[in-house]
Amino acid sequence: MVKEFLRKRSIHVCVINTGGCNGCDIEIVACLAPRYDIEQYGIYVHNNPREADVLLITGPVTLQWAERLKEIYEKTPEPKIVVAVGACALSGGIFKEGHVVGGVDKVIPVDAKIPGCPPRPSEIIETILKVAPKAIAMREKKLKNRDE
Amino acid sequence: MASSLWYLYEFARKKWIKRFIDAKSDKSSYIPPERYRKIPPIVKFPEKCISCEACKESCPAFAVEMVYSEEYNKNLPVFDEGSCIACANCVEVCPTGVLEMDKHRIETEGLFFDKPKYHNLIIDEEVCVRCGNCERACPINVIERKEGKYVINMALCISCKECVKACPIENAIIIFDEKTLKEKIDKAFEIKNKKTIGKLEIKENAIEEIPHIVNGLCISCGICKDVCVGEIDLKEKKVVKCVKCGLCIELCPTTAIRIYKPIISKRKDICYVIDEDLCIGCRICYKVCGAGAIKISKETKLPYIVPELCVRGGACARECPVEAIKIVKPEEAEEAVKVRIIEDKIIESIEADLILYTEKYGKVKEEIEKLSLKKLKEELKKRVYEENKRIKEMKRELYDKGNNS
């Protein structure tokens with residue numbers, strides 16, 4: 001109860017791996033660990049697209065994942081923010097010639113891109129913190145409008 | 001009491017407690033480590049760039065593209081931030097040191113390192129005419145002449161393909177990449193499996209001759225040996241037993257195992273011609289030409305170029321001490337050497353005839369000599385006999401005369 005109440009206004013993040021090598025996922029896990037501790041900034045990794053504000057997408061979009069990714073994107077409530085993490089998610093990276101659609105931006109609109117193979121955890125946190133408050137503000141506005 | 005206070009003080013003074021408290025604000029958590037590579041690599045000295053595309057060739061993520069720069073009047077590499085994976089292959093492969101990724105170049109200088117590349121180049125020693133154009137075209141001088149053959153140093157080559165552009169013969173420099181190698185290995189594996197089960201159907205005598213292996217091209221991948229129904233000795237590079245099924249020829253990634261490869265010239269729009277007025281007859285061109293296109297006229301004793309055999313390598317024109325070899329259109333070249341070719345043909349036929357006649361003459365002469373010798377001997381015997389007879393008669397006559405008188 002208390003946790004839910006406290007996390008009500010934090011940034012909810014959903015991590016999606018669309019078929020990469022897991023390197024970027026490990027960096028995201030490093031964000032959760034005590035050294036970087038993503039929760040101290042009010043970011044909560046939830047892994048539930050229905051409640052997420054931010055979709056963290058890693059890996060190139062494989063042919064099978066293209067449809068699933070669209071579904072997930074539709075399931076997330078407005079306003080939503082998509083952050084592509086790593087070289088693969090930006091352009092396909094070293095998997096360009098394989099069975100992939102390409103970057104995430106070919107399937108769904110992307111708000112922020114983090115280059116690197118993999119990017120540093122500090123970069124990931126920085127990007128989320130830069131991009132997410134806009135979305136949170138919009139959500140607050142909506143909530144207010146609904147109340148009125 | 002005092003001692004316990006001291007213990008507490010010591011406990012608090014320890015560094016690890018300080019670090020524990022400052023863990024979140026510790027500098028190391030947000031300042032990247034020393035060797036961390038910032039992407040993408042920067043073009044540090046664009047004026048040094050020779051547009052060899054080695055960076056593009058080495059990039060495993062295809063993040064490099066050559067874009068024409070108006071400021072420097074040449075193609076410069078442009079990096080796609082999204083694709084770069086910070087492997088620093090481009091930095092290490094760059095022959096002139098244009099690129100830099102933090103301090104990567106300084107850190108790795110002098111270490112053993114095979115230049116990474118997508119395509120590998122090998123010179124086909126069977127077709128190569130030793131014109132030396134590739135050696136001149138190579139921007140980093142990794143092509144060397146060893147024992148009369150030109151060889152690319154595979155570990156240092158950057159696959160810029162300048163040599164391929166400079167080479168006058170089609171497919172004399174063979175390009176093979178990992179992709180084709182993998183495909184061929186997969187195919188070979190399938191066939192090998194079939195072979196071990198015993199389900200492999202072999203068409204015998206599918207090819208006409210027993211193939212041979214070109215030593216310089218063979219990369220010892222062993223595909224041919226796996227597939228072969230007969231026997232191939234890869235150490236000696238020889239085909240020992242063969243049923244002429246043609247599987248090895250199909251599967252060799254570098255076309256090292258083959259029956260025959262023709263020499264085809266890339267350029268047909270020009271041809272070289274020797275100016276006979278300038279030629280001093282030193283015959284350097286004749287020695288330099290690897291295609292055997294230069295022949296020496298029997299009429300004038302000066303060299304001339306046969307346009308059909310000429311591969312337009314240009315080695316002869318380069319080596320000529322008096323610059324008597326010129327580039328003209330092929331029709332003109334044919335016109336120029338027409339007379340010489342016909343002359344040579346006639347002289348050759350006459351010579352051949354002469355040789356035949358002399359041989360015949362020699363034989364006949366020998367026979368005649370033998371016969372005549374026999375006859376001579378007989379005649380000599382006869383003569384000697386007759387002479388002896390005459391002398392005897394004369395002696396008798398003299399004796400008779402003496403007696404009478």
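1. Which backbone oxygen does the side chain of B:Ser58 reach, and at what distance? The side chain of B:Ser58 comes to 3.1 Å from the backbone oxygen of B:Cys55, where a polar contact is a pair of N or O atoms within 3.5 Å, and within protein one must be able to donate a hydrogen and the other to accept it, while residues adjacent in sequence count only if both atoms are side-chain atoms.

2. Before going further, please keep in mind that this is a predicted model, in which local features need pLDDT of at least 70 and side-chain atom pairs count only at pLDDT 80 or more, while totals for chains, interfaces and linings use all residues. Residues are numbered from 1 along each chain as its sequence is written, chains are lettered from A and ligands numbered from 1 in the order in which they are written, and side-chain values use heavy atoms, with hydrogens and water left out.

3. Leaving aside neighbours within four places in sequence, B:Ser58 is in contact (heavy atoms within 4.5 Å) with B:Asn89, B:Cys90, B:Val93, B:Pro116 and B:Lys117. B:Leu380, by comparison, is 322 residues away from B:Ser58 in sequence and 95 Å away in space, C-alpha to C-alpha.

4. B:Glu92 belongs to helix α4 (residues 89-93) of chain B. Is B:Glu92 buried or exposed? B:Glu92 counts as buried, because its relative accessibility is 19%. When residues up to four places away in sequence are not counted, B:Glu92 touches B:His104, B:Thr108, B:Phe113 and B:Lys115.

5. Two residues of chain B deserve a look at their backbone angles. B:Ser51, in the loop between β1 (42-43) and α3 (54-58) of chain B, has phi near 55 degrees, which is a positive value in a residue other than glycine. B:Lys244, in the loop between β11 (238-241) and α10 (247-251) of chain B, also has a positive phi, near 60 degrees. With a relative accessible area of 23%, B:Lys244 is partly exposed.

6. Turning to chain B as a whole, its secondary structure comes to 13 helices and 16 strands. Its radius of gyration is 40 Å, whereas a compact globule of 405 residues would have one near 22 Å; the radius is taken over C-alpha atoms, and the globule rule is 2.2 Å times the number of residues to the power 0.38. The C-alpha trace of chain B spans about 185 × 60 × 55 Å along its principal axes. Of the 405 residues of chain B, 34% count as buried, and among contacts in this chain with a separation of 6 or more, 70% are between residues 24 or more positions apart.

7. In chain A, A:Asp53 lies in the loop between β2 (43-45) and β3 (54-58), and A:Asp53 is buried, with a relative accessible area of 6%. Residues up to four places away in sequence aside, A:Asp53 touches several others, including A:Ser10, A:His12, A:Lys80 and A:Arg139.

8. Two prolines of chain A also lie in loops. A:Pro60 is found between β3 and β4 (61-62), and at 0% relative accessibility A:Pro60 counts as buried. Beyond its neighbours within four places in sequence, A:Pro60 is in contact with residues among which are A:Thr18, A:Cys88, A:Phe95 and A:Val100. A:Pro118, placed in the loop between β7 (112-114) and α5 (121-147) of chain A, is joined to A:Cys117 by a cis peptide bond, with omega about -10 degrees.

9. Finally, the interface. The contact takes 19 residues from chain A and 19 residues from chain B. The two chains bury about 1500 Å² between them, 52% of it on carbon and sulfur atoms, buried area being the accessible area (1.4 Å probe) that two parts lose on being put together, summed over both. Across the interface of chain B and chain A the rule finds 5 residue pairs in polar contact, both residues at pLDDT 80 or more.

Methods
Helix = DSSP H or I, 4+ residues; strand = E, 2+ residues; numbered from the N terminus. Buried < 20%, exposed > 50% of the residue type's maximum accessible area, 1.4 Å probe, protein only.
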